[in-house]
Amino acid sequence: MDLDQVRVIPEEGWQDGPPHELFKQMRGTCPVHWSDGIPAYPSEAGYWSVTRAEDVEAVSRDWETYSSASGITVVSDAVIPVELISAMFIGMDPPKHDRLKNLFQRGFTPKRIGEHEEKIRAITVDVLDRLDGRERCDLVGEVAQPVVSRVIGSFMGIPPEDDEPWATLLNSLVGFGDPDLNPNGTETIMENQVPLIFDRCRVLIEERRIKPTDDLTSLLVHAEIDGNGLEEHEIVMGFFLLMAAGNDSTKATYCSAMRALMEHPDQRHLLLEEPELIPSAVEESLRMFPAFSHFRRTATKDTELNGMKIRKGDKVVMWYPSSNRDEETYEDPDRFDVTRNPDHQAFGGGGRHFCLGSALARLELRILIEETLKRFPATALDGTPAYAVSPFANQLKSLPVRLHG
Ligand code: HEM
């Protein structure tokens, strides 16, 4: 294949998840690769694809050369306006980013996360209980979605009846490109639903201001550095970011992990016999099935990356499904091995934007896998799972299973 002519994200290449064969060729012959446009979004400029782990780390760590402030996905304005992204700290550079992340990090200390273990387990068991007497189910819609929605909802202080509207909104924003997840395009969502959601956030913030509780919203409302707290719009945007990041991501990796365990019964038996391997299986699943296929930076000056000349203003896209299978880092990278316990870049390549929720995601994934295997040790695939056709959300949108083999 002539890689010069290849664009990385035509939709037909992503019907069954990321194009691993293409990424393998790119890592081997053209690890920093230029695509000259995005067919589905004709107004969007071209982009560099970074496919090797070492280069992903170099880009992630050098925020002065590779900025997050001009958009964070390969598609810029065509999906979510850049102003909205840049109002969230994931779309900021230091020093603005430092201040906000510092304050938000207080909600994600290991102690605070650890305190949620019992609650997350109770939520998971409750959702699995609803399947009693059933022969079949869809693990995406009937297990993963209600668990992750309630976990992040309870973390933030959202009432359970709001879980579903939040999930619908966030699935369609994060799953841009997929006609089932995003049937009306993002424009109508931005106009109609987002303002309503922001209003709900403001009400919650006001309630916590008057009457503090122990949820994250309350912590953020009352957090201060050197006597300075967060502005209301900073909390609203941070809240939105946490909901978006906490909804689709854990769901995606749990479902991909369960699919891999059903497709590799030897690996599932290992976990059933030695449940203490589950944390290693979580890391292996994050490596092989990172929930987000990419995040993006924009070059702030002319520079060079692995021999390629990048110009100021160019988009630079880090493909984690590729860097996590880099043969320079992993032996037999396409093999799913629950004993591997690997390092990986599913939570980013290091540096300032490293995932804030990684400890929460790891805890949720461990509990979800533990409880599902305990309750349904012989789960088997029941039909063909469907992938979201999206260059961003690396997730299944359905995973039909027989619960008892
Ligand atoms: C399997 C689960 C998850 C994966 C794979 C994941 C992945 C990522 C990645 C790759 C980034 C880096 C973005 C960049 O470099 O530009 C990131 C950032 C972030 N994640 Fe996660 N995430 C997960 C779960 C969560 C959860 C549960 C939360 C919160 C509840 C969360 C909150 C965030 C936030 C706030 C950021 C922005 C950090 C910053 O800009 O400093 N993530 N995540």
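Modeller: Let us start with K301, which in this predicted model is found in the loop between β7 (294–299) and β8 (303–305).

Biologist: What makes K301 count as buried or exposed?

Modeller: A residue is exposed if 12 or fewer other C-beta atoms lie within 10 Å of its own, and because K301 has 12 such neighbours, K301 counts as exposed.

Biologist: Which residues is K301 in contact with, once its neighbours within four places in sequence are left aside?

Modeller: Those residues are T65 and K312, and the label "in contact" requires C-beta atoms that lie within 7 Å of each other. K301 and R311, for their part, are ten residues apart in sequence and 6.5 Å apart in space, taken from C-alpha to C-alpha.

Biologist: What is the order of the strands in the open sheet?

Modeller: The open sheet has five strands in the order β1-β2-β10-β7-β3, and its pairing is mixed. The edge strands are β1 and β3 (66–67), since each of them pairs on one side only.

Biologist: How do you know that β2 pairs with β1 and with β10, and in which sense does each pair run?

Modeller: Two strands pair if at least two bridges are found between them. Strands β1 (residues 32–35) and β2 have four bridges in the antiparallel sense, with H33 opposite S49 and S35 opposite Y47. Between β2 and β10 (residues 315–319) there are also four bridges, here in the parallel sense, and V50 stands opposite M318. Each pair therefore meets the requirement of at least two bridges.

Biologist: Why are both faces of strand β2 called covered?

Modeller: A residue is buried if 20 or more other C-beta atoms lie within 10 Å of its own. In β2 (residues 47–50), Y47 and S49 on one side and W48 and V50 on the other are all buried, and both faces are covered. Helix α2 (residues 53–61) lies across β1, β2, β3, β7 and β10, running at about 130 degrees to β10.

Biologist: How do you know that the peptide bond from P94 to P95 is cis or trans?

Modeller: Its omega is near 5 degrees, and the bond is cis; P95 lies in the loop between α3 (82–86) and α4 (96–105).

Biologist: Which element gives the most to the shell around the ligand?

Modeller: That element is α11, with seven residues. Of the 28 residues around the ligand, A245, G246, S249, C355 and G357 come nearest. By class, the shell has 17 nonpolar, nine polar and two charged residues.

Biologist: Why does the radius of gyration of the protein agree with that of a compact globule?

Modeller: For 405 residues, a compact globule would have a radius near 22 Å, and the protein has 21 Å, so the two agree. Of these 405 residues, 47% count as buried.

Note on methods. Residues are numbered from 1 along each chain as its sequence is written. This is a predicted model: local features need pLDDT of at least 70, side-chain atom pairs count only at pLDDT 80 or more; totals for chains, interfaces and linings use all residues. Two residues are in contact if their C-beta atoms, placed from the backbone, lie within 7 Å. The radius of gyration is taken over C-alpha atoms; the globule rule is 2.2 Å times the number of residues to the power 0.38. A residue is near a molecule or strand if its C-beta atom, placed from the backbone, lies within 6 Å of it. Ala, Val, Leu, Ile, Met, Phe, Trp, Tyr, Cys and Pro count as nonpolar, Asp, Glu, Lys and Arg as charged, and the others, Gly among them, as polar. Axes are lines fitted to C-alpha atoms, for helices over the stretch in contact, and angles run from 0 to 180 degrees between N-to-C directions.
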